[in-house]
Amino acid sequence: MSNESKAAVLDVDGTLYPGALGVELLRALMAEGACHRTRAEGVFEVLRQYKQAAIDFPTMAARAYTLYAQALEGVRCDTVDALARKVWEGERHKLFGFVRPLVALLREAGYWSLIISGSPQEMVQCVADELGISQVRGALFTRREGHYTGSVDLSSGALGEKSRIFDAVTRGQDVRLERCFALGDSITDSALFERMGLPLAFEPEPALQVLAQQRGWAVATREDVLERTRRLLAVSSPESPPRG
């Protein structure tokens with residue numbers, strides 16, 4: 001990894017891509033008969049309950065990851081890897097138009113990018129490969145002897161987890177948080193936003209919108225996200241005094 005002290009953390013679902021890649025993968029697995037259908041249907045039921053405000057976010061995340069892992073129990077890892085690549089080929093055109101220019105802008109400004117997503121690593125790795133980003137972390141389901149065990153190694157979309165992942169990736173690096181950039185759309189990004197000097201809420205979901213208003217975080221849409229990013233990066237020049 002680069003020793004560059006400026007990091008840019010990018011969310012995927014709802015931010016770079018207008019949907020949830022983990023959901024698309026699960027749908028494909030069900031269509032192929034390549035997972036436990038009842039458990040997979042349970043994931044969708046949990047998501048429905050959350051959307052209807054019947055359960056809170058932490059409950060939804062915990063249940064969804066557990067059921068997702070159980071849906072994969074006994075499935076061959078190479079089957080899921082191959083299907084993830086197939087799903088991505090069908091979804092890659094849906095990346096927002098600003099994404100590639102944004103990655104180029106960050107690179108030109110001396111940032112190294114890190115993708116952290118709540119979707120499975122098998123899917124978000126495809127996004128990272130597409131964009132030429134070497135650092136990527138998604139949800140990890142336990143693998144053993146070429147098969148999934150039904151357990152979860154990393155619930156990357158749980159509250160606070162993205163901040164812990166960032167710390168693990170950058171441990172031992174000279175990273176200046178006041179000059180780091182973060183882009184995301186949901187409450188799962190809030191812990192990072194609290195720490196980063198340059199947070200940008202992208203078309204935020206209601207809970208993040210409220211926090212953005214309270215904290216004074218910049219907000220962007222797909223139409224102005226590049227300009228908003230340029231303005232934030234301009235603040236983070238070597239001559240600028242540290243924040244916080």
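Visitor: What makes the largest nonpolar core a core, and which residues have the most contacts inside it?
Guide: A nonpolar core is a set of buried Ala, Val, Leu, Ile, Met, Phe, Trp, Tyr and Cys residues joined through side-chain atoms within 4.5 Å. The largest one here has 58 residues. Leu 10, Leu 16, Leu 25, Leu 29, Phe 98, Phe 181 and Leu 183 have the most contacts inside it. A second, separate core has 20 residues, including Trp 112 and Trp 217. The model is predicted: local features need pLDDT of at least 70, side-chain atom pairs 80 or more, while totals for chains, interfaces and linings use all residues. Numbering starts from 1 along each chain as its sequence is written, and side-chain values use heavy atoms, without hydrogens or water.

Visitor: Why is Arg 230 called partly exposed?
Guide: Buried means under 20% relative accessible area, exposed over 50%, and partly exposed in between (1.4 Å probe, protein chains only). Arg 230 has 43% relative accessibility, so Arg 230 counts as partly exposed. Arg 230 is found in helix α10, residues 225-235. Helices here are DSSP runs of H or I, at least four residues; strands are runs of E, at least two; both are numbered from the N terminus.

Visitor: What makes β5 and β6 a pair?
Guide: Two strands pair if DSSP finds at least two bridges between them. Strands β5 (181-184) and β6 (198-202) have four bridges, in the parallel sense. Leu 183 has Leu 200 in β6 as its bridge partner.

Visitor: Why do β4 and β7 stand at the edges?
Guide: The open sheet runs β4-β3-β2-β1-β5-β6-β7. β4 and β7 each have a single partner strand, so one side of each is left without a neighbour in the sheet.
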